[in-house]
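Subject: Structure for you to look at

Dear colleague,

Here is the structure I promised to hand over, with some notes below on what was found in it. Please read the notes with the model open beside you.

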Amino acid sequence: FEVLAPVSLNIVVWRIRDADDALNAELLMDLHERGIAAPSLTRIGGRPALRAAIVNHRTGPHHIDRLIAALD
C-alpha cells in the first residue's frame, strides 16, 4: 500500500502500490460488501484511491484493526 496525501487529522488516502485501477476499486467494493468499512473512492493524479475519514465518535481501535486486517 501507499499513502497518497499527507494525513490530515482523521483522513487517510491510500491505494495498492503498483496495482491497476480496477484492483483498487475492487478492494473498495470488497470492504463495503463485507461490512468491514465504508471508505469512499477519490482520485489522486487521475487514479482511483481509497479515502477513509474516521469521524464517528463510536469508532474504536478495534474497528481500525479490523480494517487493517482486511487489507492484508
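The side chain of Arg15 makes a polar contact with the side chain of Asp21, at 3.4 Å, where a polar contact is a pair of N or O atoms within 3.5 Å, one able to donate a hydrogen and the other to accept it, and residues adjacent in sequence count only if both atoms are side-chain atoms. This is a predicted model, in which local features need pLDDT of at least 70 and side-chain atom pairs count only at pLDDT 80 or more, while totals for chains, interfaces and linings use all residues. Residues are numbered from 1 along each chain as its sequence is written, and side-chain values use heavy atoms, with hydrogens and water left out.

To stay with Arg15, a polar atom of its side chain also lies 2.3 Å from the backbone oxygen of Pro48. Arg15 is found in strand β2, residues 11-15 (strands are DSSP runs of E of at least two residues, helices runs of H or I of at least four, both numbered from the N terminus). Arg15 counts as buried because its relative accessibility is 3% (buried means under 20% relative accessible area, exposed over 50%, and partly exposed in between, with a 1.4 Å probe and protein chains only). Leaving aside residues up to four places away in sequence, Arg15 touches residues including Phe1, Asp20, Asn24 and Arg47, contact meaning heavy atoms within 4.5 Å.

Helix α1 comes next. The 13 residues of α1 (residues 21-33) should span 18 Å at 1.5 Å a residue, and the end C-alpha atoms are 19 Å apart, which agrees; the expected span is 1.5 Å times one less than the number of residues. The buried residues of α1 are Asn24, Leu27, Leu28 and Leu31. They cover an arc of only 95° around the axis, so they are on the same side of α1, the arc being that of the directions from the helix axis to the C-beta atoms. On the other side of α1, Ala22, Glu26 and Glu33 are exposed. The cover over the buried residues of α1 includes β2, β3 (40-44), β4 (47-53) and α2 (61-71). After α1 comes Gly35, with a positive phi near 75°.

Finally, Asp72 sits in the segment after α2 and, at 85% relative accessibility, counts as exposed. The C-alpha atoms of Asp72 and Ala53 are separated by 20 Å, the two residues being 19 residues apart along the chain.

Best wishes
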